[in-house]
Amino acid sequence: MIRRGLLAVLALGLAGTGIELVLLEHYETAVQFVPLVSVALALAVVIWHGLKGDGPSTRALQATMMLFLIAGTAGVGFHLRGAAEFQLEIDPSQSRWEIFKKAMRAKAPPVLAPGLMVQLGLVGLVYAYRHPALDASTFRSRALSDGVMK
């Protein structure tokens with residue numbers, strides 16, 4: 001029951017994030033396509049996993065969620081850099097600490113917004129943690145590599 005709830009939260013979060021990114025026109029540069037492509041990929045994997053629920057779809061979900069952790073962390077860095085550059089243009093005499101504080105409070109780009117990708121990635125990884133489909137596929141792959149099953 002909890003596992004299904006987590007998958008539903010993940011699917012809703014992905015759909016909402018994708019819609020928000022499109023509405024915000026978050027596709028002006030190549031780097032801005034990364035979260036859109038990531039969300040589309042993740043939705044496809046979630047649908048695949050929802051239909052199959054097997055080991056390969058679970059592993060694909062885990063891999064996609066790891067990519068979300070990486071993309072979300074990088075996104076925070078990109079947003080922070082963009083906001084800091086803007087603050088530096090406004091007043092080049094500011095200290096680094098002042099620039100950092102102002103950048104963190106900036107509304108455009110919102111520095112912590114990509115953190116949502118990290119959260120979604122964590123939800124997906126918690127969902128897949130010790131997933132029942134992995135036990136059977138892990139056993140089968142180990143048995144095949146050990147030559148037990150022929």
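How many aromatic pairs does a search of the whole structure find? The search finds two.

## Basis of the model

The model is predicted; local features need pLDDT of at least 70, side-chain atom pairs count only at pLDDT 80 or more, and totals for chains, interfaces and linings use all residues. Residues are numbered from 1 along each chain as its sequence is written, and side-chain values use heavy atoms, with hydrogens and water left out.

## Aromatic pairs

A pair of aromatic rings is described by the distance of the centres and the angle of the planes. Rings of Phe, Tyr and Trp (its six-membered ring) pair if their centres lie within 6.5 Å; planes under 30 degrees apart count as stacked, over 60 as edge-to-face and the rest as tilted.

Y27 and F33 form a tilted pair, at 6.5 Å centre to centre and 35° between the planes. W97 and F100 have ring centres 5.7 Å apart and planes at 25°, so this pair is stacked. Both W97 and F100 belong to helix α4 (residues 96-105) and are three residues apart, about one turn of the helix. Helices are DSSP runs (H or I, at least four residues), numbered from the N terminus.

For accessibility, buried means under 20% relative accessible area, exposed over 50% and partly exposed in between (1.4 Å probe, protein chains only). Y27 is partly exposed at 37%, and F33 is partly exposed at 40%. W97 is exposed at 55%, whereas F100 is partly exposed at 35%.

## Packing of α1 and α5

The axes of α1 (residues 2-23) and α5 (residues 115-128) come within 9 Å and cross at roughly 155°. That makes α1 roughly antiparallel to α5 (angles under 35 degrees count as roughly parallel, over 145 as roughly antiparallel, 65 to 115 as roughly perpendicular and the rest as oblique). Axes are lines fitted to C-alpha atoms, for helices over the stretch in contact, and angles run from 0 to 180 degrees between N-to-C directions.

Contact (heavy atoms within 4.5 Å) involves R3, L6, L7, L10, G13, L14 and T17 of α1, and L116, L120, V123, G124, V126, Y127 and A128 of α5.

## Backbone exceptions

Most residues other than glycine have a negative phi, and most peptide bonds are trans. The bond joining A108 and P109 is cis, with omega about -10°; P109 is in the loop between α4 and α5.

E25, not a glycine, has a positive phi of about 55°. E25 lies in the loop between α1 and α2 (33-52) and is partly exposed at 45%. R130 has a positive phi near 50°, sits in the loop between α5 and α6 (132-146) and is exposed at 66%.

Key
Helices (H or I, at least four residues) and strands (E, at least two) are DSSP runs, numbered from the N terminus.
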